[in-house]
Amino acid sequence: MINLVTNNLLRFLGLLLVQTLVLNNLGISFYINPYIFPFFVMALPFQTPLWLTIVIGFFAGLTLDAFNNTMGMHAAACAFIAFMRPVTLRLLTPRSSYENADQPRIHTFGLTWFIAFTGMLTLLHHLVYFYLEIFSFDNFFMTLSKVLLSAVVSTLLILLAVMIFSPGRKRT
């Protein structure tokens with residue numbers, strides 16, 4: 001249990017530092033703003049109660065908001081993906097179920113499952129975040145293209161980070 005809490009705290013700090021110090025300062029393009037920080041909420045253990053996942057997501061997003069001066073937009077988006085996480089997990093339930101796994105991992109469920117899981121939740125996060133940011137539907141398609149491009153880049157960066165930093169092999 002202590003190891004699980006320590007791992008999640010280290011993941012939180014690592015993602016927060018990478019997001020605030022590196023990704024927020026890249027300036028790739030107007031249409032591409034990668035956010036890998038929501039992966040912290042996605043990677044929480046399966047047995048975490050929904051209410052606690054939402055609270056953790058809210059406060060994790062609020063922490064990022066404090067660094068970015070975004071007035072609760074990340075808090076709302078992270079709380080939303082925390083709320084939608086069980087729905088996404090039910091949609092993507094593998095044949096072996098989630099019984100012998102403690103948290104979403106690429107080595108446990110495979111690349112396709114992992115890309116679908118992170119891609120769906122990243123897309124939901126970006127939809128909420130970018131539409132709250134613009135707070136209008138006037139430029140709906142421009143914002144939608146920003147959401148889609150940023151979600152693709154963010155998912156690829158999450159995948160890359162997980163492949164580099166996650167030890168372990170697929171269980172049999």
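Modeller: Start with the buried residues of α6: Trp113, Phe114, Phe117, Thr118, Leu121, Thr122, His125, His126, Val128, Tyr129, Phe130 and Tyr131. Bear in mind that this is a predicted model. These buried residues pack against α2, α4, α5 and α7.

Phenylalanine 135 follows α6 and has a positive phi, near 50°. Phenylalanine 135 sits in the loop between α6 and α7. Is that residue, phenylalanine 135, buried or exposed? Its relative accessible area is 67%, so phenylalanine 135 counts as exposed, the cut-off being over 50%.

Now go back to Phe114, one of the buried residues of α6. Leaving out residues up to four places away in sequence, phenylalanine 114 touches Phe39, Pro104, Arg105, Ile106, Ile158, Leu159 and Val162. Phe114 and Phe39 have the most contacts inside the largest nonpolar core, a set of 30 residues. Seven elements can be listed here: α1 (2–22), α2, α3, α4, α5 (106–109), α6 and α7 (140–165) each give two or more residues to this core. The most comes from α4, with five residues. In soluble globular proteins, nonpolar side chains tend to be buried together. There is also a second, separate core of eight residues. Among its members are Ala77, Tyr129, Phe130 and Tyr131. Tyr129, Phe130 and Tyr131 are on the list of buried α6 residues, while Ala77 is one of the buried residues of α4.

Even so, α4 has a kink of about 40° at methionine 84, shortly before proline 86. Met84 is itself buried. So are Met73, His74, Ala75, Cys78, Ala79, Ile81, Ala82, Arg85, Thr88 and Leu89, among others in α4. The buried residues of α4 pack against α6 (111–134), and also against α2 (39–42) and α3 (50–68).

Threonine 53 gives a view of the α3 side. This residue lies in helix α3. Its relative accessible area is 2%, so threonine 53 is buried, the limit being under 20%. Threonine 53 touches Ala82 and Arg85, as well as Val41, Leu44 and Thr48, again not counting residues up to four places away in sequence. Between α3 and α4 comes a loop that holds methionine 71. Methionine 71 has a phi near 50°, a positive value in a residue other than glycine. With a relative accessible area of 78%, methionine 71 is exposed.

Last, the open space. The largest pocket has a volume of about 720 Å³. It is lined by 23 residues, and the closest to its centre are Arg11, Phe39, Ala161, Phe165 and Ser166. Two or more lining residues come from each of α1, α5 and α7. The most come from α1, which gives six.

Definitions and conventions. Residues numbered from 1 in each chain as written. Predicted model: local features only at pLDDT ≥ 70, side-chain atom pairs only at ≥ 80, totals over all residues. Heavy atoms only, no water. Bend = angle between axes of the 7 residues up to and from the residue. Helix = DSSP H or I, 4+ residues; strand = E, 2+ residues; numbered from the N terminus. Buried < 20%, exposed > 50% of the residue type's maximum accessible area, 1.4 Å probe, protein only. Contact = heavy atoms within 4.5 Å. Core = buried A, V, L, I, M, F, W, Y, C linked by side-chain atoms within 4.5 Å. 1 Å grid on protein atoms, 1.4 Å probe; cavity = no way out; pocket = protein on both sides within 12 Å on 5 of 7 lines; lining within 4 Å. Points joined across faces, edges and corners; volume = space filled by probe spheres on them.
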